[in-house]
Amino acid sequence: MKNIFYFYKGRVALYAILKAFGLKKNEIVIIPAYTCIVAVYPIKHLGLVPNYADIDIETYNSPLKEYIKTYNEICASGKKDKIKAIIIQHTYGNMNNETKDICNWAKKNNLFVIEDCAHININDYGFDKPGSFADASFYSSQWNKPFTTGLGGIAVMNNVKFVNKLKEIHKIALNPGIIESILLMFEYLFYKIFFSPHFFWFFKKILNYLSDRGLLVGSSTEQELKGKYIKDYLKKMGIIQKLLFFLEKKKSKLTYPKRIKLMKCYDRLLTENNIRAFKYTKGSILLRYPIFVKNKNEILQKAEKNKIEIGDWFNCPLHPHGSNVDGLNFNINKYPNSNEASLKVINLPLHNKINIKRAEKIVKFIRLNKL
Ligand SMILES: Cc1ncc(COP(=O)(O)O)c(C=O)c1O
């Protein structure tokens, strides 16, 4: 399609979209307070100011009332004219069930809307589906996303007035180097062949170790998590990644029935074990299955020891821990639900290498260790 552009990462796609809208220095973008920090840095890199909307503690998405609250606070500080855009996120693949209302409200207030579909499969894009309501949306094909090409980001411009601008920006974006692309392809093959839920924690450690030492192409460099604008940030998706993208995209649709079966299996197993099941929006195909526990850190530590795959994101409201929040205008005390979710929510895997037996083992482990 003419309005789809392929970038190096999801965050780069967001950067390009914001640039295409022509936002000016010090203008404000409202973003959920429970997200990955790399989705906030592009706002800062463009000289814009992030403000935040807290989430609903049941859905992990930001409801309309939280956008309005933040909007009103900014207006009260005399900066109404600076508010230009909002970002709606479908966390864990759970569709924000207020998307239409939020878009209508934003339209009335002359705000651009961007949907962060990093946790949504791009196969689901289409009329009345996540990603199609807003002015623009972006997707990710990074390691732990609905399907992976190693790294990858896709920008979809729905607002026809800005398609050409995004096209121009994509044109000047750099191509990734050949060595980088080949390395990424080997990482992809290694992941496909060797990754198993049993080795999840081992993989995580090895990947972090090698990536910190610049020995493989990781998701985020150390410099990036320090909030620095890294050289050659605006990059396209490489040719190898693009080929993998079309291959994986097609294949990933075939995994839907299994994913839905696993979601239902978790619903049932959790309920049977007196653990609160997640009430996702109807029609959502989740990326990960979030559950609320009081002893998150303890469970994660035990899971690592017992080789049980359990995810920690988001481990702080602007994930991950230890990243640099300077210049991001973030005050953790203002977003109690985002903070609580980051302290108490773990997530269960739904990817292709999980089967019912493994799901049962994970839920049994949680039942035995949850406070
Ligand atoms: C909600 C959310 N948005 C955006 C991103 C950025 O995607 P990418 O890693 O492809 O830049 C992530 C990252 O993992 C994410 O979790």
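Me: Where does P320 lie?

Reply: P320 sits in the loop between β10 and α12 (336-344). Bear in mind that this is a predicted model.

Me: What kind of peptide bond joins H319 and P320?

Reply: Start with the general idea: most peptide bonds are trans, and most residues other than glycine have a negative phi. Here the bond joining H319 and P320 is cis, with omega about 0°. The bond from W313 to F314 is cis too, with omega near 5°. F314 is in the loop between α11 (296-305) and β10 (318-319).

Me: And phi? Which value does N110 have?

Reply: Phi of N110 is near 55°, a positive value in a residue other than glycine. N110 is in the loop between α4 and β6. D232 also has a positive phi, near 60°, and is placed in the loop between α8 (222-225) and α9.

Me: Is N110 buried or exposed, and why?

Reply: N110 counts as exposed because it has 8 C-beta neighbours inside 10 Å, and the cut-off for exposed is 12 or fewer. D232 counts as exposed as well, because 11 C-beta neighbours lie inside 10 Å.

Me: Then what about H119, buried or exposed?

Reply: With 24 other C-beta atoms within 10 Å, H119 is buried; the cut-off here is 20 or more. H119 lies in the loop between β6 (112-116) and β7 (136-140). Leaving aside neighbours within four places in sequence, its contacts are H90, T91, Y92, G93 and L287.

Me: What does E98 look like on that count?

Reply: E98 is buried, because 21 other C-beta atoms lie within 10 Å. E98 is placed in the loop between β5 (83-89) and α4 (99-108). Beyond four places in sequence, E98 is in contact with P63 and L64.

Me: Which residues touch the most other members of the largest nonpolar core?

Reply: In soluble globular proteins, nonpolar side chains tend to be buried together. In this model the largest nonpolar core has 97 residues, and F7, A16, I17, I30 and A155 touch the most other members. Helix α1 gives the largest share of this core, eight residues. Take I17: leaving aside neighbours within four places in sequence, I17 is in contact with I114, A136, F138, A155 and L166.

Me: How do I read a helix pair, and at what angle do α10 and α13 pack?

Reply: Look at the angle and the distance, then at who makes the contact. Helix α10 (residues 256-272) packs with helix α13 (residues 356-369) at about 35°, their axes 10 Å apart, and the crossing is right-handed. From α10 come L262, C265, Y266, L269 and L270, and from α13 come I356, A359, E360 and V363. By class that makes eight nonpolar, no polar and one charged residues.

Me: How far apart are the axes of α6 and α9?

Reply: The axes of α6 (residues 178-194) and α9 (residues 239-253) are 8 Å apart, at an angle of about 35°. S181, L184, M185 and Y188 of α6 meet I240, Q241 and L244 of α9. This contact has five nonpolar, two polar and no charged residues.

Me: Last one: how many residues surround the ligand?

Reply: There are 15, and the closest are K9, G10, R11, A118 and S140. The elements giving two or more residues to the shell are α1 (10-20) and β3 (35-36). By class, the shell has four nonpolar, eight polar and three charged residues.

Key. Residues numbered from 1 in each chain as written. Predicted model: local features only at pLDDT ≥ 70, side-chain atom pairs only at ≥ 80, totals over all residues. Near = placed C-beta within 6 Å. Helix = DSSP H or I, 4+ residues; strand = E, 2+ residues; numbered from the N terminus. Nonpolar A, V, L, I, M, F, W, Y, C, P; charged D, E, K, R; others polar. Axes fitted to C-alpha atoms, helices over the stretch in contact; angles between N-to-C directions. Left-handed = near helix turned anticlockwise from the far one by under 90°. Contact = placed C-beta atoms within 7 Å. Core = buried A, V, L, I, M, F, W, Y, C linked by C-beta atoms within 7 Å.
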